[in-house]
Amino acid sequence: MTDILNALVILANFIVVPAMAYGSQLALGALGITMIYSILRFSNFAHGELMSFGAMTTILVTWALQSADISLGVLPTALLGIPVAIAVTVVLALTIDKTVYQYYRRIRAEPVTLLIVSIGVMFLISGLIRFIIGPGDRVFTDGQRFLLKARAFKQMTGLNEGLAIKMTQGITVATAIVLVVLVFWFLNKTRTGKSMRAYSDNEDLALLSGINPERVVLITWVITAALAAVAGTLYGLDKSYKPFTYLSLLLPIFSAAIVGGVGNPIGAIAGGFVIAFSELTITFAYKKVLTYLLPDDMAPDTLMQLLSTDYKIALSFVILVIVLIFKPTGLFSGKTI
Amino acid sequence: MKKTLMAIAASTLLAAPVMADEVKLGIILGFTGPIESLTPDMASGAELAIAEVNAAGNFMKGSTTVTSVRGDSTCVDAAAATAAAERLITADKVNGIMGADCSGVTTAILQNVAMANGVAMVSPSATSPALSTLEDNGLFFRTAPSDARQGQVVAEMLTEAGYKSAAISYTNNDYGKGLADSIQTNFEGMGGSITISASHEDGKGDYGAEVAALAQAGGDILIVAGYLDQGGKGIIQGSLDSGAFDIFFLPDGMIGDSLPEAIGPDLDGSIGSLPGTDSPGAAKFAELAETAGFAAGPFAAESYDAAALILLAMQASGSSDSQVYKGSMMDVANAPGEKIYPGELAKGIKYLRQGLAIDYVGASAVELVGGGESAGNYAEILIDGGKVTTVGYR
């Protein structure tokens, strides 16, 4: 019995807990991508940098708060900075929309033109970020580090294996749940949310029924920027903030959005978790788990690893390709790309 | 308009003879990228040697001044590094290159630019064993030892500290792979066992999968052959957070004050190795660096020595042409001759002018062996109280 528990604890510690946190971060990012895709109808490559910008603003506010000796006790001070970060990121997103995207909407540019434009915006924001905070690594987590420590867990349960849950992992999952519930409530229950869905489903019909397109676009940017600021901050809080990583984060986020079905909010969230869990489960070495579960004479000598971690990055693309071959609209029937 | 052009042309002609009295040294280091926290001090080290030679006022013709031009190797992007070296050689017309830093870009610059243009280069920090055997037309030298030697030192330190098994995580490039292989061969040769040797990619945020695999393989200690500003840090943080490992071995790429600062007290007790020496040169260089206003951080001493060696070799051969002075490099670096320490470059030049031999010891006890690489002295590092401390030499 203890053997089974030990095996389960290993799986929880090294797969479930990290994948839940990573999956939540990907899901929030993919939700932003999917919102822009379904309403503004283009793939927003600047989304990663928008997340980075939000995280940067949080860090600046956190520093200000820390120097004024304001803290949240066991919780990271950065949580206080998030509202400010959301406001600043929204202003940035709206400014960019007014100065850049609006023009391309007016001339009814092709989605691929907008995609290229968004790459330009990506470089612009990324330059702005390096200009303000520099390219270095920033650790801005404070407060209590762990909800549950590996050693404490071992003493508590008497098991051989430890289970650690970081405070930031807990906050990430909790915040993601709250945000997702809010976004769904907004899209399904409010008048504005419904008008956004109508606009996404059929633009012409929505215009005919008196929906103001500029207002829909405005609300979309506000929600997307808010999601980006929160997702960026959570990611930075969990792994430390480094501008460069947000560029490479863009790839799994896009895979998540597409695997789930681009344009479908539920798909974006499911996609985030599919990518996170498959990255971890397939590259995991099951040696210890099997040693606990199997009789002694059958214990494996090798690592029992399906795929070396070297292929971790490739994995999300393999999943992407498989999904696109068998279900081009994604797992949750979004739009075809 | 015509007159203006004439005037410009004339002034260029007039300026030409002045140019001839100038020696230009290119400094190619990764000012952006994975080791960007180390490179400012390394460049300052090289520039300190240049400033010293200029202040001495007896270099080459006596009135010859040395200037330096910086280029960004990025440490990881071979194309960007090649372009930077190309610019230094063709546009700035440098007479020699102090650099590059990381093994991959150093190889790229050597093969694509330096050999094609016949310019000598001395790297202060490229440590890949592959560079020992690479065809280089005698143009490549390094003041850093090959990792084949570091692997041996690491294995000795681990065995002496009583570790029987270890896991290795290495950064996925020439440096990481070369060092990991060398450690594995040496450690297994001494009776230890390596449970897993897996790579990690730099510049990613999430290392959950890598840490999970390392944790399952187990081991007494985790050897992280990576970079302190990059994946290496992520791996250590992840291992500590999940309780997978609590003690680490940190080879040279992981040594720097920013790591214990970022990780905190959990890193205390971890050990490491870093090219270094207890020769009087090291202390003297640290003093000079402090006066000049920078820290004698990792590889700063090697950078000083690299620049100094190029200049002394030029003096010894009486030429700033790479094809000529490359032949004098080994002579000035090795015995016999008067030992030259940091701060004594003027003395070295004076001896060479008189036709006497010198043995440049410098800040890192330079002794060039094989095809022109440092024999390798290592400092044993212990992370103690949140600081990088040196506990011994071997």
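Author: Strands (E, at least two residues) and helices (H or I, at least four) are DSSP runs, numbered from the N terminus. Here, β3(B) and strand β4 (residues 121–123) of chain B pair in the parallel sense over two bridges. Within that pair, Met98(B) has Val122(B) of β4(B) as its bridge partner.

Reader: Before we go on, what kind of model is it, and how are things labelled?

Author: This is a predicted model, in which local features need pLDDT of at least 70, side-chain atom pairs count only at pLDDT 80 or more, and totals for chains, interfaces and linings use all residues. Residues are numbered from 1 along each chain as its sequence is written, while chains are lettered from A and ligands numbered from 1 in the order in which they are written.

Reader: Back to the strands, then. Which strands does β1(B) join, and in which sense, parallel or antiparallel?

Author: Ile27(B), for instance, has Arg70(B) in β2(B) as its bridge partner. β1(B) is also joined to strand β3 (residues 96–99) of chain B, again parallel, by four bridges. There, Ile28(B) is partnered with Gly99(B) of β3(B).

Reader: Is β1(B) largely enclosed or open, and why?

Author: Burial is a matter of counting: a residue is buried if 20 or more other C-beta atoms lie within 10 Å of its own, exposed if 12 or fewer, and partly exposed in between, with C-beta atoms placed from the backbone. Strand β1 (residues 22–29) of chain B has six of its eight residues buried, so it is largely enclosed by the rest of the structure. Over chain B, buried residues make up 60% of the 394 residues.

Reader: How would I apply that count to single residues?

Author: Take one from each chain. Asn186(B), found in helix α7 (residues 174–189) of chain B, is buried because it has 21 C-beta neighbours inside 10 Å. Val91(A), which sits in helix α3 (residues 78–106) of chain A, is exposed, as 12 other C-beta atoms lie within 10 Å.

Reader: And which residues does Asn186(B) touch?

Author: Contact has its own cut-off: the C-beta atoms of two residues, placed from the backbone, must lie within 7 Å. Leaving out residues up to four places away in sequence, Asn186(B) touches Gly151(B), Gln152(B) and Ala155(B).

Reader: How do I check the length of a helix?

Author: The expected span is 1.5 Å times one less than the number of residues. Helix α11 (residues 265–282) of chain A has 18 residues and should span 26 Å; its end C-alpha atoms are 26 Å apart, which agrees. Among the buried residues of α11(A) are Gly271(A), Gly272(A) and Leu280(A). The buried residues of α11(A) pack against α1 (2–39), α6 (167–189), α10 (243–260) and α13 (312–326) of chain A together with α8 of chain B.

Reader: What are the domains of chain B?

Author: Domain bounds come from an automatic or database domain assignment. Chain B is divided into domain 1 (2–145 + 279–370) and domain 2 (148–276 + 377–393). Their centres, taken over C-alpha atoms, are separated by 31 Å. Between them, 22 residues of domain 1 of chain B are in contact with 20 residues of domain 2 of chain B. On the domain 1 side, α4(B) makes up the largest share, three residues.

Definitions and conventions. Two strands pair if DSSP finds at least two bridges between them.
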